[in-house]
Amino acid sequence: MDSQAIEDMLAIAVAAGAQGRLDDAEAAFRAVLVMKPDHDEALFGLGLNLLIARRFQEAVEPLTWAVHAPNAEPVRRQCLAHALFLTGDFARAADTFATANGVEPLPEGARVTWARAAAYNALEGGDAQAALDLYAMIAGPLAEDLETVAREGFGILVAFDSLDAARTLGAWLAAHNPADLIRAHELRVLTDPRFDRAPPAYVEALFDDLAQRFDRQLVEMLDYRAPELLANLVAGRYARFARILDLGCGTGLAAPFLGGFGAQLTGVDLSSAMLAKAAERGGYDHLVQAEAVTFLQSQPSAFDLIFAADVLIYFGDLAPLLTAAAEALAHGGVLAFSVERGEAGWRLLPTARYAHGDDYVRQVAAPGFRIADHEDIVLRREATGVTQGRLYLLEKL
Ligand SMILES: C[S@@+](CC[C@H](N)C(=O)[O-])C[C@H]1O[C@@H](n2cnc3c(N)ncnc32)[C@H](O)[C@@H]1O
């Protein structure tokens, strides 16, 4: 084995990582590991690289090996614990943080994550208050407000499909803040999931709460591009429209893409806070606070394109919306929308969103529309993996 070649390759990997060239760094770390499979610096470097690239599951194995090297620095164990937390393995994450803390006291951020991991894991025992007390004990003076911990924990547990633990935490939240419409609905979805659409009061509260963080959370963190991709699909077939409705326009992410069609643009949304953001962004001739189906029913033949990016995820049964959209479109009008891709029919997910199967979309669209085009896309890149979506272009019959 040529130890100089190993050192050279390691230097290339470290330099590429430092410059943010994650693919190059990964390739170089892997090249080192081909030459020397137990090279612990390369194992740690690869694990860290994968962690930065948000490939948490893949990061766990190299980090696990890197930790076992003699004289491994304590930071390696902290990275492993974070990777385990980010894969939803809260039991191992809590153990790993505890061991790391035994070697060297954890920095503040790691201590809070340890406290959360321990609490989420303890929820499996069914006692939310005991789990939150454990959180407070581990976090000590760094402890955040328990309701915030519980609220964020609920979402994380649902995302990782730890539904019993989520129900336990949801019940604690409902008892502590009975007026919280958002959590009340999300808990009901887990306990009695018989809703054919998200209640408007829930949607309004959810997006009023989310409006300030929406663009950063969706676009920067989840790589959300549905408005652009849907507009591209439309532009592949049509050049201009006279009147466009951006249904569930949110903060107006679609406006810059829809501007290219030269139309008068109307945005409709239930959430006044999202509409305020859309007004700030600009590009709309009219912004209206209204429920989507009710608004469509009040606008016969008023639009040439109805555009709905990431909105039908709040509807299970699509028939009322598609019927109303057909009425609101002028002759030859186009309906463009995205769905979260499901197996068959429609299904309410534990996230309180809906997924739709292609069979269902085709069947429910058939009376009023012809499917002109469709395309599969990545809808969001969440910590737990990629959410698959599908775009549809429907022409009114
Ligand atoms: C995930 S956001 C997408 C926003 C925007 N279309 C985009 O792609 O950035 C969903 C939006 O649909 C709105 N919405 C959901 N259900 C609605 C309904 N029944 N009527 C009106 N707006 C609704 C929400 O308020 C929210 O702003």
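Here is a short chat about a predicted model, covering its ligand, a strand pair and some salt bridges.

Visitor: Which helix gives the most residues to the shell around the ligand?
Guide: Let's start with the shell itself: 22 residues surround the ligand. By type, they divide into 15 nonpolar, three polar and four charged. The top contribution is three residues, and it comes from helix 12 (residues 200-221).

Visitor: What percentage of the ligand's accessible area does the protein cover?
Guide: Look at the contacts to begin with. A polar side-chain atom of Tyr 224 sits 2.4 Å from an oxygen atom of the ligand, and a polar backbone atom of Gly 248 is 2.7 Å from a ligand nitrogen atom. There's also a polar backbone atom of Ala 292, 2.8 Å from a nitrogen atom of the ligand. On its own the ligand has 590 Å² of accessible area, and the protein's share of cover is 98%.

Visitor: Is Arg 390 buried or exposed?
Guide: Arg 390 has a salt bridge with Asp 358, 2.9 Å from N to O. Asp 358 lies in helix 18 (residues 358-365) and Arg 390 in strand 9, so this pair ties together parts that are 32 residues apart in sequence. Asp 358 is partly exposed at 24%. Arg 390 has a relative accessible area of 13%, and because buried means under 20%, Arg 390 counts as buried.

Visitor: And Arg 225, which residue does it form a salt bridge with?
Guide: Arg 225 is partly exposed, with 37% relative accessible area. The closest N and O atoms are 3.5 Å apart, and the partner is Glu 228.

Visitor: How many salt bridges does a search of the whole structure find?
Guide: Some residues are linked in a network of salt bridges: Asp 310, Glu 340, Arg 353, Arg 380 and Glu 382. Searching the whole structure gives a total of 31.

Technical notes
Residues numbered from 1 in each chain as written. Predicted model: local features only at pLDDT ≥ 70, side-chain atom pairs only at ≥ 80, totals over all residues. Heavy atoms only, no water. Near = heavy atom within 4 Å. Polar contact = N/O pair within 3.5 Å; in protein donor to acceptor, adjacent residues only side chain to side chain. Areas by Shrake-Rupley, 256 points an atom, 1.4 Å probe, with all protein chains shown as cover. Helix = DSSP H or I, 4+ residues; strand = E, 2+ residues; numbered from the N terminus. Nonpolar A, V, L, I, M, F, W, Y, C, P; charged D, E, K, R; others polar. Salt bridge = Lys/Arg side-chain N within 4 Å of Asp/Glu carboxyl O. Buried < 20%, exposed > 50% of the residue type's maximum accessible area, 1.4 Å probe, protein only.
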